[in-house]
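Subject: the model, plus notes

Hi,

Here is the structure I promised to pass along. Have a look at it first, and then read my notes below.

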Amino acid sequence: MRVHVANHPLVAHKLTVLRQTSTPSPTFRQLTEELVTLLAYEATREIAVEPMEITTPVATTVGTHLTSPNPLVVPILRAGLGMLEGMTRLLPTAEVGFLGLQRNEETFEAVTYANRLPDDLSGRQCYVLDPMLATGGTLVAAIEYLFERGARHVTCITLLCAPEGLEAVEQAIGDRADVTIVTASIDEKLNEKGYIVPGLGDAGDRLYGVV
């Protein structure tokens, strides 16, 4: 497993505003989309491409285009939906699958309640969107779901990570496949409730309000 922390002044600035309790939901949503687009730029550095001959107004030349099958973007419901627009803005040809996973607040284990994914992901590059990598349970469950369907190249994009969550994912996944985590920050720790410190609170609630 590889971990990439996006070290860029704009990433740090947008994340700082996201962390502030005074940031309202509309601003939080907008900044999340912008931040994810920056992270997606880093996450797609190894996206599969092939040469393509084209004709410009001046001459013919060889360019580059994405290979088939199209990449698959998988937002984890519900907070991952707030990251989808930022990802598809950079990668508009990607297909989108949905995975509903909810953390049990007592056991911290992920419970699946929705699945809208292709049955066969062999040869597909998959991009999982989840704002917070806290205990790691949700992300491990999502990656396992993709593995079961044949995926072997999975990139996870998060706004924040906790060291405990990164360790949990690495132990669960091992070297079974090519997994990369791209994030804006690795924070200090988890608290006793399993929240990232200093973190930014519950991303879903801050995106959409308390339901």
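D202 is found in the loop that runs between β14 (196-197) and α6 (203-208); helices here are DSSP runs of H or I with at least four residues, strands are runs of E with at least two, and both are numbered from the N terminus. Before I go on: this is a predicted model, where local features need pLDDT of at least 70, side-chain atom pairs count only at pLDDT 80 or more, and totals for chains, interfaces and linings use all residues. Residues are numbered from 1 along each chain as its sequence is written, and side-chain values use heavy atoms, with hydrogens and water left out.

Back to D202. It counts as partly exposed because its relative accessibility is 32% (buried means under 20% relative accessible area, exposed over 50%, and partly exposed in between, with a 1.4 Å probe and protein chains only). Its side chain reaches the backbone nitrogen of G204 at 3.0 Å. That is a polar contact, meaning a pair of N or O atoms within 3.5 Å; within protein, one must be able to donate a hydrogen and the other to accept it, and residues adjacent in sequence count only if both atoms are side-chain atoms.

Which residues does the UniProt annotation "binding site" cover? The record, an unreviewed entry, lists I196, G201, D202 and A203. UniProt positions are given in the numbering used here, feature names are shortened, and annotations may be inferred rather than shown by experiment.

A203 lies in helix α6. Is A203 buried or exposed? A203 is buried, since its relative accessible area is 4%. Not counting residues up to four places away in sequence, A203 touches F28, A79, P131 and M132 (contact means heavy atoms within 4.5 Å).

A search of the whole structure finds nine of them, where a salt bridge is a side-chain nitrogen of Lys or Arg within 4 Å of a carboxyl oxygen of Asp or Glu. As a reminder, side chains of opposite charge can pair when their charged atoms come close.

- D205 and R78 meet through their side chains in a salt bridge at 2.6 Å, N to O. D205 is partly exposed at 26% relative accessibility, and R78 is partly exposed with a relative accessible area of 30%.
- E34 and K14 form a salt bridge between their side chains at 2.7 Å, N to O. With E34 in helix α2 and K14 in helix α1 (residues 9-19), the pair ties together parts that are 20 residues apart in sequence. E34 is partly exposed, with a relative accessible area of 26%, whereas K14 is buried at 13%.
- E46 and R2 also meet in a side-chain salt bridge, at 3.2 Å, N to O. This pair links distant parts of the chain, 44 residues apart: E46 is in the loop between α2 (25-43) and β2 (49-55), and R2 is in strand β1 (residues 2-5). E46 is partly exposed at 48% relative accessible area, and R2 is partly exposed at 37% relative accessibility.

Next, R124. It lies in the loop between β7 (110-116) and β8 (125-129), and it is buried, with a relative accessible area of 9%. What does the side chain of R124 make a polar contact with? The partner is the side chain of E95, at 3.0 Å. Leaving aside neighbours within four places in sequence, R124 is in contact with P69, N70, P71, L72, E95 and H153.

On to V140, which lies in helix α4 (residues 137-148). V140 is buried, with a relative accessible area of 16%. Neighbours within four places in sequence aside, V140 is in contact with A168, V169 and A172.

Last, a bit of sheet. β2 and strand β3 (residues 60-66) run antiparallel and are joined by seven bridges; two strands pair if DSSP finds at least two bridges between them. A hairpin of four residues joins β2 to β3, and P51 stands opposite T64 in β3.

Cheers
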